[in-house]
Amino acid sequence: MHGANYRDGTGQVFTRKEYIKGKPQIKIAKFQGGKRGTYEYCVQLLMNERLQIRHMAIESTRLAANKTLEKTTGESGYYSRLRIYPHNLLRENKQIATAGADRVSEGMRRSWGKATSLGARVRQGQCIMELYVNGEAYLTAAKKALHGACVKLPGTPTIKVIEWNKPSP
């Protein structure tokens, strides 16, 4: 199914994975990247609306931001951190898409489905990702990296710059 089908986080959150045998694996490779240290600026990616983000979208956002920032700053010139974790288990009721499938799929209106993916429910104004950089040149590069990464996310995110001047968390 499309990611747009899971965008609205309605209903009860299903997070108890210990009872499910065929649970999906998380696609996010790393939650932190770069080098920890003392940085001047913290650039945050915030969501403007309440929605649900699948773990594939979170991983592609992280990859896009890190790769574009790494080209300008190098591996040790920044520190990135994901601030959300996909706890919510997403289910899908597989349906037949051939001729006459409407007769076969009758009575499946509120079916339970199989666990196929993971998602994170995000509140309005919640921080999704942070980039820590030094200097004005790297600050514009971090803004550009997060702006390119925004395309991978559902909804409309905003970019916020905070003067940091302390060690990264």
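Reader: Which strand gives the largest share of the lining of the largest pocket?

Author: In this predicted model, strand 5 gives the largest share of that lining, namely five residues.

Reader: And how many residues line the largest pocket, and which lie nearest its centre?

Author: The lining of the largest pocket is made up of 22 residues, and those nearest the centre are T10, L89, L90, R91 and W112. The volume of this pocket comes to about 580 Å³.

Reader: How many bridges hold strand 3 and strand 6 together?

Author: Strand 3 and strand 6 are paired in the antiparallel sense over four bridges, and I53 has A120 in strand 6 as its bridge partner.

Reader: Changing topic to the inside: how many residues are in the largest nonpolar core, and which have the most contacts inside it?

Author: The largest nonpolar core has 29 residues, and I53, L69 and M129 are those with the most contacts inside it. Several elements each supply at least two residues of this core, among them strand 3 (51-54), helix 1 (55-73), strand 6 (114-122) and strand 7 (127-133). Helix 3 gives the largest share of this core, with six residues.

Reader: What does L69 touch, leaving out residues up to four places away in sequence?

Author: With those left out, L69 touches G74, Y78, L131, V133, Y138, A141, A142 and A145.

Reader: Let me step back to the whole chain; how many helices and strands does it have?

Author: The protein chain has three helices and eight strands, and along the sequence they follow the pattern β-β-β-α-β-β-α-β-β-α-β. Of its 169 residues, 41% are buried, and the C-alpha atoms fill a box of roughly 65 × 30 × 25 Å along the principal axes.

Reader: And what percentage of the contacts with a separation of 6 or more comes from residues 24 or more positions apart?

Author: Residues 24 or more positions apart account for 90% of those contacts in the protein chain.

Definitions and conventions: Residues are numbered from 1 along each chain as its sequence is written. This is a predicted model: local features need pLDDT of at least 70, side-chain atom pairs count only at pLDDT 80 or more; totals for chains, interfaces and linings use all residues. Side-chain values use heavy atoms; hydrogens and water are left out. A nonpolar core is a set of buried Ala, Val, Leu, Ile, Met, Phe, Trp, Tyr and Cys residues joined through side-chain atoms within 4.5 Å. Buried means under 20% relative accessible area, exposed over 50%, partly exposed in between (1.4 Å probe, protein chains only). Contact means heavy atoms within 4.5 Å. Two strands pair if DSSP finds at least two bridges between them. On a 1 Å grid over the protein atoms alone, a cavity is a set of points where a 1.4 Å probe fits but cannot get out, and a pocket is an open set with protein on both sides within 12 Å along at least five of seven lines; lining residues have an atom within 4 Å of a point. Grid points are joined across faces, edges and corners, and a volume is the space filled by probe spheres set on the points.
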